[in-house]
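Opening the notebook on this one. I want to look up the charged pairs first, then the rings, then the surface.

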Amino acid sequence: MCRLARLNDSTPKLRINLGDLEATFTMTACRAANLEWIMHSRNLSHHIRPLLDAFLKVSNEDHRGTRLADENHFPPQKPPQNVTLELHIRKLFLDLLKDIPSLAKHSLVSSVPPTVLELEKISISGIIYAREKSLPRDSNIIFRRPGGSSDRVGRIKQIFQSEHVTPGVTFLAVTQHRLVADPIAQGVYRRFGFAGGYLCDHKEDGRQYVIRSTDVISHFARTPLVWEGETLMHALPLNSVCRCCRSPVW
């Protein structure tokens, strides 16, 4: 707290006092640091494992953006609409529900109707992601297939929710860019690891997936370039604070 005071009737001087608010911030920061050190100790009992997992989940949250940054909520957008999924998207959606049974409310996945609630965009960890038709730049993503370990480059074609799956789960239909196989061209960027980005075909290769919003890693910056007469694209990941990213396997 800053306070202006007169000392010995002389020229006013600025006196800095540590107020309650500053003391609270300092105490909270110290407590959090000490607690994190204790939680990483190897001498903890295995009974505290659930508490440790919960603590790490909270402490590693991405708090960029607003105070709602850790929630999947509707950012300002056009009203969601009820639409019918195209046949190939519906098949990919049902395949995902079969692979992850906990997503579906009912065991009979094939009975899930093709009608869904389509969204224009979604907020993931405070960052806006949109379908290609709405905001092309915000549709470029680095993602992983559910259960996969490799990072992929793609574009969001559709965002939707279904009342027949676990509430709050949002799905994205994405197309993929194929990684360039030329080791010389790829090596220029891969020597920098994940930070170097990926050299891909300029157009999507036709492979499509339906993923969850939690499978999105980050946006990427799209830069067209020409390599030996062929038009390619460099995808530079735009941040990955809370995810451990590995080299892609295609």
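This is a predicted model: local features need pLDDT of at least 70, side-chain atom pairs count only at pLDDT 80 or more; totals for chains, interfaces and linings use all residues.

**Salt bridges**

I started with Arg155, which forms a salt bridge with Glu132, the closest N and O atoms being 3.0 Å apart. The two sit in distant parts of the chain, 23 residues apart: Arg155 in strand β8 (residues 152-161), and Glu132 in the loop between β6 (127-130) and β7 (140-143).

Arg155 has a relative accessible area of 9%, so I put it down as buried. Glu132 is at 23%, which makes it partly exposed, because the cut-off for buried is under 20%.

I then searched the whole structure and got seven salt bridges. Another of them joins Asp151 to Arg144, with the closest N and O atoms 2.5 Å apart. Both Asp151 and Arg144 are buried. I also wrote down Arg212 with Asp215, where the closest N and O atoms are 3.0 Å apart. Asp215 comes out at 6% relative accessibility, so it counts as buried.

**Rings**

On to the aromatics: I find four aromatic pairs in the structure. Phe93 and Phe171 have ring centres 5.0 Å apart and planes at 70°, so I logged the pair as edge-to-face. Phe93 is in helix α3 (residues 87-99) and Phe171 in strand β9 (residues 171-179), so this pair ties together parts 78 residues apart in sequence. Phe93 is buried, at a relative accessible area of 0%, and Phe171 is buried at 0% too.

Phe143 and Tyr209 make a tilted pair, 6.2 Å centre to centre with 55° between the planes. Here strand β7 holds Phe143 and strand β10 (residues 198-212) holds Tyr209, so parts 66 residues apart in sequence are tied together. Phe143 is buried at 0% relative accessibility, and Tyr209 is buried with a relative accessible area of 11%.

Phe93, Phe160 and Phe171 are linked into a cluster by ring pairs.

**Surface**

Last stop, the outside. Which residues form a nonpolar patch there? I get Leu35, Trp37 and Ile38, with about 350 Å² of accessible area together. I looked up Ile38 separately: it is in helix α1 (residues 20-39). Its relative accessible area is 41%, so I noted Ile38 as partly exposed.

Terms used. Residues are numbered from 1 along each chain as its sequence is written. Side-chain values use heavy atoms; hydrogens and water are left out. Patches are made of residues with over 30% relative accessible area and no salt bridge: like charges are joined within 9 Å, nonpolar side chains (Val, Leu, Ile, Met, Phe, Trp, Tyr) within 5 Å. Accessible areas come from the Shrake-Rupley method with a 1.4 Å probe; for residues, only the protein chains shown count as cover. A salt bridge is a side-chain nitrogen of Lys or Arg within 4 Å of a carboxyl oxygen of Asp or Glu. Helices (H or I, at least four residues) and strands (E, at least two) are DSSP runs, numbered from the N terminus. Buried means under 20% relative accessible area, exposed over 50%, partly exposed in between (1.4 Å probe, protein chains only). Rings of Phe, Tyr and Trp (its six-membered ring) pair if their centres lie within 6.5 Å; planes under 30 degrees apart count as stacked, over 60 as edge-to-face and the rest as tilted.
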